Amino acid sequence: NYYNYVIIAPITLAALGGILYYKYKKLNLILSFEIFIVSLYFVLAVTSIFVQSLNKLHDSKYTVLMIAAYWLVSWLINKPVAFGYVRHDYRTDYTRTKLFKAMSGGLTFIWGVIFLIIGLLSLTIIQSYSALTYYLAVIGLYLTYYYPNSYI
């Protein structure tokens, strides 16, 4: 991101808030991860007004590392974040099985590791090469949508 957080954070907060509101109206459900992300961008928006070093950061590696930590902690405590997202794509009787809980735990671990790799490589290698790690999201999308359907 080449813009200050004073510009980026409110736009992202408005977009995420709009998506959260639409999803709540559609499903009558709000996940803790969504509350975490909206709160994170609210804090970034307010803090970037007063802290110039955060405002001029022009990098998302710390945000990505916080998201990775959240996903991995939710996997460790056996309350996988992915469960809330993928359970609406499958039948109710299947989502109540232990296999589905294990699958969503595996997806949570995979996405947590993907975010962790992106964050750590952006800390260790130069930015033009670390941007290539965002291609790991394609693997995550494959493992999220195509791979579980092969079991059903």
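## Aromatic pairs

Counting ring pairs with centres within 6.5 Å, this structure comes to seven aromatic pairs. One of them joins Trp75 and Phe109, whose ring centres sit 4.5 Å apart with planes at 40°, so this pair is tilted. Trp75 belongs to helix H4 and Phe109 to helix H7, so the pair ties together parts that are 34 residues apart in sequence. Please keep in mind as you look around that the model is predicted.

## An aromatic cluster

There is also a group of rings to find on your screen: Phe33, Phe36, Tyr70, Trp71, Trp111 and Phe115 form one aromatic cluster. Some of these names return below, with Phe33 and Phe36 on the H2 side of a helix contact and Tyr70 and Trp71 on the H4 side.

## How H2 meets H4

Two packed helices are described by the angle between their axes and the distance between the axes. For H2 and H4, the axes come within 12 Å and cross at roughly 155°. Since angles over 145 degrees count as roughly antiparallel, H2 is roughly antiparallel to H4. Their crossing is right-handed.

Which residues make the contact? From H2 come Ser32, Phe33, Phe36, Ile37, Leu40, Tyr41 and Leu44, and they meet Thr63, Met66, Ile67, Tyr70 and Trp71 of H4.

## The largest nonpolar core

In soluble globular proteins, nonpolar side chains tend to be buried together. Here, the largest nonpolar core has 23 residues, and Leu44, Trp71 and Met103 are the ones that touch the most other members. Helices H1 (5–27), H2 (32–50), H4 (61–76), H5 (81–86) and H7 (98–124) each give two or more residues to this core.

Setting aside residues up to four places away in sequence, Leu44 touches Tyr5, Ala9, Leu54 and Thr63. Thr63 is also among the H4 residues in the contact with H2, where Leu44 takes part too.

## A buried threonine

Finally, have a look at Thr108, found in helix H7. Its relative accessible area is 0%, so Thr108 is buried. What does Thr108 touch, leaving aside its neighbours within four places in sequence? The contacts are Trp71, Ser74, Trp75, Pro80, Val81 and Ala82. This list brings back Trp71 from the aromatic cluster and Trp75 from the tilted pair.

Key: Residues are numbered from 1 along each chain as its sequence is written. This is a predicted model: local features need pLDDT of at least 70, side-chain atom pairs count only at pLDDT 80 or more; totals for chains, interfaces and linings use all residues. Side-chain values use heavy atoms; hydrogens and water are left out. A nonpolar core is a set of buried Ala, Val, Leu, Ile, Met, Phe, Trp, Tyr and Cys residues joined through side-chain atoms within 4.5 Å. Buried means under 20% relative accessible area, exposed over 50%, partly exposed in between (1.4 Å probe, protein chains only). Helices (H or I, at least four residues) and strands (E, at least two) are DSSP runs, numbered from the N terminus. Contact means heavy atoms within 4.5 Å. Rings of Phe, Tyr and Trp (its six-membered ring) pair if their centres lie within 6.5 Å; planes under 30 degrees apart count as stacked, over 60 as edge-to-face and the rest as tilted. Axes are lines fitted to C-alpha atoms, for helices over the stretch in contact, and angles run from 0 to 180 degrees between N-to-C directions. Angles under 35 degrees count as roughly parallel, over 145 as roughly antiparallel, 65 to 115 as roughly perpendicular and the rest as oblique. A crossing is left-handed if the near helix is turned anticlockwise from the far one by less than a right angle, and right-handed if clockwise.
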